[in-house]
Each structure stands twice: as structure tokens, then as C-alpha cells.
Amino acid sequence: MENSEGVKIESTVVTEEPLISALDIALFVVIITVAYFWYFKRDKQSSSSEKKPYTIQPSSLSSIEQTSNSPFIKKLKSTGRSLVVFYGSQTGTAEEFAGRIAKEGARYKMKGMVADPEECDMADLVEMKEIQKSLAIFCIATYGEGDPTDNAMDFYEWLQSGDADLEGLNYAVFGLGNKTYEHYNEIAIYIDQRLEELGATRVHEIGLGDDDANIEDDFVSWKEKLWESVCSHYGIEETGEESNIRQYKLVDCSEVLPERIFSGEISRLKSYENQRFPSDVKNPYLSKIAVNRELHKSGDRSCMHIEFDIDGSKMRYDTGDHVAVYPKNSSELVDKIGELLNADLDAVFSLLNTDEESSKKHPFPCPCTYRTALTYYLDITSNPRTHIMKELIEYASDPKDQEKLKLMASSTPEGKKEFHEWILRDNRNIVHILEDLPSVKPDLDHLCELLPRLQCRYYSISSSPKVYPKSIHITAVLVNYTTSTNRVNKGVATNLLAQLIPTNDELPQPTIPIYSRRSQFRLPPKSQTPIIMIGPGTGLAPFRGFIQERDYARKEGREIGEMVLYFGCRKKDEDFIYENELQEYVANGTLTKLHLAFSRDQPEKKYVTHLLEQNADELWNIIGEKSGHLYVCGDARSMAKDVHSIIVKVVMEKGQMTNSQALNYVKKMEQQKRYSADVWS
């Protein structure tokens, strides 16, 4: 007979004696024991392989190495490395910068590695002093309202609560932030100061990158001065080697069986065919599109109301949370790259790390086809950074193209200006560069190594789980614009979503990978607490969920507080989204007041900020006299800043405070989560 693993087990057959002998019993017990042990061991191995599938970080990478669960300090010592670059990254940029620093370390006789603080015991930093001429660099992004990124949270909390002696640790910090946000680079600044307080030695002053301006320029300028400080601190000299070292080598996988080839999965092979729970950043849920309808009534712009079906997914979300959507690049752009490089996009390949010590074997799921890599894994629509310009130089056969790339890759004022104008201002992506510099023909596998990872897109959830427990709603404006070179650039996620229209027949419904992410944007614990919501345009999205939740409470017979909404759009008859819903909430008493600003329905433009200034008494009554909550959602660059200024002014005037007192009052509101913002730039 055979057991469940296909292992043959011989059984003893008794033919002459009616009773089983002791020997027979002993043999039977041995056989059963062996079979059970064999089955249990195989089952355990199988379970282990299921729990630890091939995984990758879903972000842009050019890393020297990613640490595994083994102590990073042990890996540094065993591999003769002295440089470790930690990253706190939410979108992949900090991780990319970390990789570039680690790679350049070789030019200064400092062999480097990249490390994710979430996967390291950061208490081991105390042992860095045992490594000669060691250096720890931190590329740290500030996320949300002055929060650490998800993967840096534990490290941040360790620094806050710990009192480790870090004397002998040499360090430098580069922060990634955005000046349109109030808490600009707050986490990087804290880490830089805290490390010094714990006894560490700052080798180079902190760098503050501004993503609202040119964070690439900020990073390159800081990095150049960093290495000058490193050379001075350690008494070393640059080797002068400028050669571009490949981090991954090409492996032909044409003989790999089809079932072993990735076809767009984020992490685990065949994960969309065999869904597992819970869903998260590495394991998204393949959701059906239940509803996709246009919200704008007229005009040349589009705003979509989309509902993701999560019935049976075990996904949970709270009102105010975000949903991540995993997009894919358009086939038109992917085909264009294949055409420009005369490449077979259906060839199956793998990129294998040249560093055998690295726990990160591939830059994205491998093996796969080039078409899959360019469609699902690589960002081909954003502006490439200067290090890509540098790597493309060797592939330019025309001296003019070569010189242009050299100029843009340089850190000279002329080079920075050219990069800013030709790449950033004209909004060129890698496809445009290959089109406009026709002699540049990089090897496709090298291009796949260079390009950053395609990121998921986050949207504020515009529904309440109390009302819609089996679906997640979003409100998304279709991104579509013409550049100065007369090219039409399209938003990767929104243009994909626009095509996913559910049908009314028996055909399979369109699907897209998603997962929900927690937010600090929350309704007050008590439903009686009054609130003010300020959300022009798609900033209305989370407030739709807030109103639904309060309406649900009202229908249950619970007392609800005042709900005041400030909403603005261009024209009432064009882009007043969810108009009927909002008017119904006003009629049934859930929405106490609805203040509307239609900026282009009259000669002089009218915005929600104008309405706020006009309603100072109402604002103070809720946030001052009744200790209510105030929420802002939308554009961080201008609207959110203007709202903040108006609130401070109202507090000064109606609360009879000085400017300093009013600022402190608003600051206290923020600390108490009575003033919350969910904004983007």
C-alpha cells in the first residue's frame, strides 16, 4: 500500500495462523511509527515552505544586500564589511538611496550592505565599535503626520524608550520629507539627535531631502559631501574607480517549467490562484470590481466611484483607513520598450545577485518574462534619477547622446539644470529617454536591474464598514495630462481602474490586487462629539465614510454630534460629486450643515477657505467651546496650509489669544487628535 506521500509500505500478511504473533505486532508498530514519522516530517516541511515563501520587498531597489533574520552585526563581521545603510521607506525611495550609498562604499574601501531595521535587532548597534572603521548610515523617510515608516517603527520606539550606550558608533543621517507637510523630516531629525544623545559620533551633518522640490538633487549634494567627511574622519582616500558594477547577473530560464514562472504575483508564486489570509503588503487580495461609475456630470475630466468586493476575503477596515491598489503598466509603453531595444519581451529570465552572501537573491520575483517584469514589477512612468543616467552612458553610441547623459549624471550646476529641465520639467520617463536619445540601447536585463519597483497606490477609503462590510469604496480622479513635449502622460493606477468595468453577464468580473492599511484618521470615540470636515474635491472621500458611520449610529437610535462639512469643486453642474447623497444626509439630520464653494460658478473664484473665514463663529463654537474635532483632507501644498492659518487666526480672535497662544492651542489639538489631516502633495 501507499501512504499519503506516495511512500510504499510493505504489510505482513498472515495466512496460516488465525492469531497475530508478537513479532507481527512489533513489525506492525515499527511500520506505523515509520510511516507516521515520515508523513509528519514531510507535512511539517510543507507547512514551513508555505509559511516562508519566496518574498521580496515591494519597493524600488538597487541594494547591495538585504539582511535576513540573522544579526546584521554578525553578517558585517563574517563578510568583512564595515558599512551598513539602514532605510526607513514607505514608497521605496529611501531604500533606493540606501542601495546607492552602499554601492559607492567600495570606492572608499568600505564594503557595504543595506539593512531593513524591521528585520534587525537594532540593539546590536552597540557592537558596531568592534568593527574597525565602521559606519552606520540611516536613510529615513517621514511618513504621514510626522510618523515613522512602517518598517522603521520598532527602531523609532527603541530609540525613544531605550538608553543604550552607543559610544563608538559612527553615523550619518539623510532624511526624506516634503516641505508641504507640517512635520517636515521630523523622524530623521529625531533619529539624528537621539543617536548623538546616546553617545554616537556624527560623521556628517544630517541631510534633509525635500520631495516637493528636487529630492534627487538634495540627496546627490549631501552624498558628495558625506564622502568628503568620511574620508576626513577615517583618513582614507577615494580609489577613483567609477566603473558601473552590476549587482545582478542574467540567467537564461528558457527551460524553466511554466508553473514555476512568475506572472505578476507580488511575492508568492501562484498567490492569486491560491489566496491566503490575511492580506497585506506582500500578500494582496485579488478583489473583484463590483462597481465602477462616473461621478462627474459633464466636462472633460473624470472622477470614478469604485467599489472593491471583499466578501470572503477576511479583510477588515475602519472608517478613515486607506486601501492600497497594485497597478500595472500599460501594454503600449511596455511594447514600446521592446521595440526600441529590439528585445524579445516573452523571453524568460532571472536576475541573480552577484553577492552570494546576500539573502536578497533577486530584485523582483524571478524567473519571469521581460514583459511581466516591465508590466508588473518595474516603474517605467516616473522620472528616472541621475544614477540611471550615469549607467546609460556606456550604451550610447552617438557622442552627442553620451555627452548629454554625462552632463545630466554630473553634479555640476549645468548638469543639475539640464537634468531638471530635460527630465523633471519636461516629465520624461525611461520610454521618452530611449525615444529622444535613439543611440542609447541598454541591455534589457540591465535596464530591469536599474529601474525602481512599481509601487502600489494608496487611496482614502470612502465608505464605512458599518454600512459596507463586504466592500471598500474609493473616489479617484483620472490622471491624464499633456507634457511640454506634447506627450500624453497617464496615471498608472487610475487609467487601469478606468478600464475595469464590471459586466452584467456571466463573464468573469475584472479584478485587481488590494489590501487595506490602517490610518490615524479616525472619528472621535464618542458619537456625540461634534466634528468639522474640510474636504474639497476628492478630499471628500474619507468624510463620506464618516457621514455613513454617524448616519448608521443615528438610525440605531444613538445620539450623534453636529457634523459640518465644507466641500468645494469647480462647478455645481459639473463636478459636485455625491451631491444626492449629501443632500439626503442634510435632509435626515445626519449632516448638520453643508457649506459649498463652487470656484468657477461666479466671476470671482470662491474656495472652501473663503467660507471658513466667513464662519469663524461656527468654527470656534465647535472646536473651542464644545471641544469638537476638526479634519482636513486634500491638497497639502496650499489648501491644508491655508486652512491651518485660518484656524490659528480664528482661535486668536474668538478665543482672545495671542498668536503664540493660538499656535499652542492648535498644536495641542493635534496632539489630542482633535485636529487631523489626511493630505497629499
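A residue is termed buried if its relative accessible area is under 20%. By this criterion, both F567 and F576 are buried in the present structure, which is a predicted model. The rings of these two residues also form an aromatic pair: their centres lie 5.6 Å apart and their planes meet at 25 degrees. Because planes under 30 degrees apart count as stacked, the pair of F567 and F576 is assigned to the stacked class.

In total, 24 aromatic pairs are present in the structure. Ring pairs also join F72, F86, F138, F155 and W158 into a cluster.

R428 is positioned over the face of W422, at 4.0 Å from the ring centre. A corresponding arrangement is found for R517, which lies over the face of Y458 at 3.6 Å from the ring centre.

With regard to the strands, an open sheet is built from five of them, arranged in the order β21-β20-β19-β22-β23 with parallel pairing. The edges of this sheet are formed by β21, spanning residues 593-598, and β23, spanning residues 675-680, each of which pairs on one side only. On average, neighbouring strands of the sheet are turned by 10 degrees against each other, direction ignored. The edge strand β23 is paired with β22, which comprises residues 629-635, in the parallel sense over six bridges. Within this part of the sheet, L630 stands opposite Y675 of β23.

Key. Residues are numbered from 1 along each chain as its sequence is written. This is a predicted model: local features need pLDDT of at least 70, side-chain atom pairs count only at pLDDT 80 or more; totals for chains, interfaces and linings use all residues. Side-chain values use heavy atoms; hydrogens and water are left out. Two strands pair if DSSP finds at least two bridges between them. Helices (H or I, at least four residues) and strands (E, at least two) are DSSP runs, numbered from the N terminus. Axes are lines fitted to C-alpha atoms, for helices over the stretch in contact, and angles run from 0 to 180 degrees between N-to-C directions. Rings of Phe, Tyr and Trp (its six-membered ring) pair if their centres lie within 6.5 Å; planes under 30 degrees apart count as stacked, over 60 as edge-to-face and the rest as tilted. Buried means under 20% relative accessible area, exposed over 50%, partly exposed in between (1.4 Å probe, protein chains only). A charge sits over a ring if NZ of Lys or CZ of Arg is within 6 Å of the ring centre and within 35 degrees of the ring normal.
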